[in-house]
Amino acid sequence: MQIVHIAKGSSGRHSAEVIGAKAANLARMAAAGLPVPPAFVLPVKLCKAIVDGERHAQQLLVDGLAEGIAFLEDATSLSFGGSRRPLLVSVRSGAARSMPGMLDTVLDVGCSPAAVHGLVRMTGHPRFAWDCRRRFLESYASVVLGLDRRPFARHLADMVAAEGVAADHALDVDAMERLTGFYLQMIEDQDCVVPDDPMEQIEASAQAVYRSWNSDRARTYRQLAHLEALHGTAVTVQAMVFGNCGLDSGSGVAFSRDPSTGAARPVIDVLFESQGEDVVSGTRTPETEGSIQFASPAVAAQLGDTLAQLEHEFGDVQDVEFTIENGKLWILQTRDAKRTPQAALRFVMDFVKEGLLTPREALQRLNGLDFSKLTRKRLAEVYEPAAHGTGASAGIAVGRASFDSDSAGRIAAGGDPAILVRPDTNTDDIVGFNIAAGIVTAIGGRTAHAALVARQMGKPCVVGCTELAIDVAGHRARLAAASIKEGDWLSIDGEAGTIYLGQCKVVTEQLDTELAEIERWRMAAPAL
Amino acid sequence: MVPVSGRMDMKSLIIEQLGQTEILLPALIGDGLAANDRVKVRLSVLQAAARHARDPAGTSFDLTNECRAADIDPMAMEQLVKSASAMMGERMTAPGLSELATAIGDDVATMARAAKAGDETAGRSALERLAAIQAAAAPEAMDTFSLAQVSTLTGLADGGGDSLHRLVMDLHKSLNRLSAAHAEEDVAGARVYGLMPDDRPAVESFMRGVASTRKLKFDHPGLATIAARSGARLSIQNDIGETDAHVVVIAVEPNAVTVTYTDVHLARAKFFTRLFRDFPVQWSGLDRKSADGLNDGDAFYLVTGRIPADSGKQRDEFLEAIGASLVFLIDWNKARKVLRTWISKADAVVVLDWAARHRFGHRGFLELGGSDLVASAVHHATPQRIGFGERLDHALGRAAAVDFLETVLRVSSEALQEGGSVRLARDRIEADLVRHLQRVDSMLLAIVVRQSGLAREIATGIAQFIAHLRAGKPFDSLALAKRAQRIEEKADRIAIEARQEIRRFNADPVIAHIVDKIEEAIDELEQAAFISSLLPHDIAATALGHLSALCAAAISGAEAAAAGIAAAADIPDGQRIDSEDALAAVDRLIEAEHRGDAAERAITAIVLRGEFDLKSALSILELARAVERATDRFAGFGHLLRSRVLAELST
């Protein structure tokens, strides 16, 4: 079995069908000289064999991992899970087509107690070392051991409260070490064991990632997104770079243009002293582009240039995951950005203007776009919104409040549109998303998986509404000064990020100028 | 005496629930044939009683030997026969007559069930016949029987009608037939029934595994194996440690092997599945089940593992691995409980897993005394260093405790296998504990790492504050001061604990000095954070630049302290790179002090030469001095670290 190596200077073109879209793009970025952490890929074709438990597949997996880890150790001059200069890796999924957040990823693999010691030796930063360990434990416990993530989050929240700090990144080394102890205890209480041997960790992780192909949510997503023809996921093993190792480190997600409105300026979410999953999980509200400028103008400039370069390289608006490690920028992933129909139209209009696309190409790009959705709706006769959040997916939705997928289903079954109102969202809410007319969350940024999926589904979405406090069990919520209960009418504007009480009036306008321009292209290229 | 009524034990009950009755068939046939022997004796007793009732002076009871052979109490039977007396209307009575009738019915039922396990249709029809016969011969009053009934039961009805005795004879015939088809053989120590020639290599592989580790169970009973073929499937069952609800049944099919395993201990079930992590087994289940006939509290867990086997070689490797693993399940929970008094629950499993993978097991450890073995080593080797009831991972550190207990399991197993002296084993265990205690300094150094981390937290807080001042962005410096105070209090507590541990373990006094130094650095940094909260927000940019450099020096000092101590902890059995890294950290600590010194001088010059109001001047200087003193302490820490490293190298 051929495993693909990705590092600076490695060859660039690989088929997404063979190694998954994520890895294919990584390879292209590495070949283009962009700063990509070295990685290797176990191919898609191994997925089915592993899922079916074929015996030779297990051996191929073990051999492939051993060979790949040797390559990564050589490329980084680190030793996997070592006690002096440890290499940690992420074990990521990636199908031929992007399925954001639907497949599993195990992070910080290799972070055994020996590696914690090694990270301290290497960085002199014990809090960081323990942070990696507790992240590894949580990720391994949930993905590989199948334990519930919520008790981990609860322990973290309890520790944050007990220490009187604002958030997890403010926990000190002593608290972080104790938290890790609680995590281990929890895993132990379920009679589970996290192996100390890094090779054992990675083998179990790679298997689990392959198997996540058949999880309920992945299957549901493939059905909804008409991706049933896909054969499986690849497994990409990538050297970890750390956004959680100091003040000049952080993780973020950037769009080369605004995927909600289509505006031609990057949209960047970043969390300092964090790892990537903190941003995309939607459980912490991130900071925006200005903070990078403050922390490091050089990195901010480099990121801007990189986004432009990526847009050029891939010929479309890009959705990029990045990490800043001690002031050095790393690009972890790029893919074509999911977008609202409005943004899709605006992008091609701008690309034609900027000469990136010819009108003919632009028309091809717009093929399949539902022009009936290309109206601009707005709320009419509204005054003060009840609350503000961040607009994450443009559009207007009016519906009745529901606090979980089940209640959204009930409301929809009664013939009324539902607005799904959640504390935060994770991709398990996919069923509710599909039912709801619009989504509101208390926490999370524009780049959270939830926002991403909402955009793709064309559902208006407001995230990070700090004035929202939800009592899911009690089927009610407080929205700033107002109290709402299940079934109350709400109106949301996913572009402005505003939420109104009641059933507001909606005005629909045609996008006449844009449609006229498209008509002009059509006339000029009648062959299409 | 009430005969065994065919009621199954828990293990059989579970196997039946698992749908693996073919494994039970040989035992059921045995039960059925035994019931056949009994029922014949009982029918004879019934006849004798009838005879005695008719003619009390006739021949005396002569079934003593037959009773004994069928495991029936002859005294009770003789008593019954002798007390049988005639009643009006051709009837007889005798105390125990009803009980005898019930026993007869149960015997026939046992035979019928055994026949049913081998031949569903025949068995079912026999049970129906029995029900019809019992309905026709409904009992009269207690311990009363009509003499006609006796002849119906014992005789063969004329004209082809059914009778109990005819049924017994039919059942006996079919049981004999089944028994011939399931004749017991021995294959490599397994009791096998009805195997095909191709089944032998599979059973032999399994038994090869069992034999390879059997010696590790020492005096514990168990590991008996039965194998039987039924249709397309070969089933292998092993008794493990002979405890109830602990069942493993392996079904071998042409292209796959399926292991069905039940256990009352969830943790042991998980341990068992993990032993096969090198095989591509698809595990499913771990459901909690309860079998009918078990009490509520007796629920058990069931897990099924399936592995495709394209070739006989793959199949046999897996079967051998299962066979070899079973000994490690015997007394597993007992061993885990013992280990848990010394280390965490998860680490106890880690030790047991290690011992299984290295083929030492834990039975030897339990044979040699288990917990007492460890306790006596602690008592002899370290009376004052490890407190009564204290866990070893607390006293030695996790890695050392796990390593020591692995040694204990290895040494006990080796000693028992080699027939070596128990005293020698105990000595070896004590020696290993002493070796770990000598290394306990490493654990104390981990406390210093924690302290260095806390120093870094305050230093970065101040650095962040200065960065915000430089950018003209708001910053909650009061919160910084509060947080620093909290951290400093925490660090105090840690230092007190560290000193206690140092005394207790009689550790290198240099470690105590190192702890003191880092605590002093934290005190200085906390003082600096306090002053930060009072600093005016309009400080000149030139001074702020140097303050940033000063904070960077303090952060670098804290980081070098942690990295250096961590490297130093590896020196005793490490490589040259460990001492080199530790000494490089010493350089960085001293270098940080130089940079701190330079920055503090530059700040002093700016303040004294510039136009600052008193409050600004004082606060800038105080802040700079406090941070600079912290870098001083780090340099002092560096000198101590160097002497520690050099001392380690010279031993």
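The C-alpha centres of domain 2 and domain 3 of chain B are 29 Å apart in this predicted model. Chain B is divided into domain 1 (21-181), domain 2 (185-328), domain 3 (332-438) and domain 4 (441-650), with bounds that come from an automatic or database domain assignment. Ala, Val, Leu, Ile, Met, Phe, Trp, Tyr, Cys and Pro count as nonpolar, Asp, Glu, Lys and Arg as charged, and the others, Gly among them, as polar. Helices (H or I, at least four residues) and strands (E, at least two) are DSSP runs, numbered from the N terminus.

Residues are numbered from 1 along each chain as its sequence is written, chains are lettered from A and ligands numbered from 1 in the order in which they are written. Local features need pLDDT of at least 70 and side-chain atom pairs count only at pLDDT 80 or more, whereas totals for chains, interfaces and linings use all residues.

The contact between the chains takes 38 residues from chain B and 27 residues from chain A. On the chain B side, at least two residues each are supplied by α10 (266-274), α13 (345-357), α17 (398-418), α19 (441-471), α20 (477-504), α22 (541-569) and α23 (576-609). Of these, α19(B) gives the most, with 11 residues. This side of chain B has 19 nonpolar, 7 polar and 12 charged residues.

Helices α22(B) and α23(B) pack with their axes 8 Å apart, at an angle of about 165°; axes are lines fitted to C-alpha atoms, for helices over the stretch in contact, and angles run from 0 to 180 degrees between N-to-C directions. The angle makes α22(B) roughly antiparallel to α23(B), a term used for angles over 145 degrees. Their crossing is left-handed, meaning that the near helix is turned anticlockwise from the far one by less than a right angle, and right-handed if clockwise. The residues of this contact divide into 21 nonpolar, 6 polar and 5 charged.

In chain A, the axes of α14 (residues 341-354) and α15 (residues 359-366) come within 10 Å and cross at roughly 165°. That makes α14(A) roughly antiparallel to α15(A), and the crossing of α14(A) and α15(A) is right-handed. Val348(A), Phe351(A) and Val352(A) of α14(A) meet Pro359(A), Ala362(A), Arg365(A) and Leu366(A) of α15(A). The residues of this contact comprise 6 nonpolar, no polar and 1 charged.

Chain A also holds an open sheet of 5 strands in the order β1-β2-β7-β5-β6, with antiparallel pairing; two strands pair if DSSP finds at least two bridges between them. At the edges stand β1 (4-6) and β6 (106-109) of chain A, each with a single partner strand, so one side of each is left without a neighbour in the sheet. The twist averages 25° from one strand to the next. Strands β5 (residues 89-95) and β7 (residues 233-239) of chain A pair in the antiparallel sense over 7 bridges, and Ala95(A) stands opposite Thr233(A) in β7(A). Helix α4 (residues 55-76) of chain A lies across β1, β2 (39-42), β5 and β7 of chain A and runs at about 170° to β2(A).

Technical notes
Angles under 35 degrees count as roughly parallel, over 145 as roughly antiparallel, 65 to 115 as roughly perpendicular and the rest as oblique. Two residues are in contact if their C-beta atoms, placed from the backbone, lie within 7 Å.
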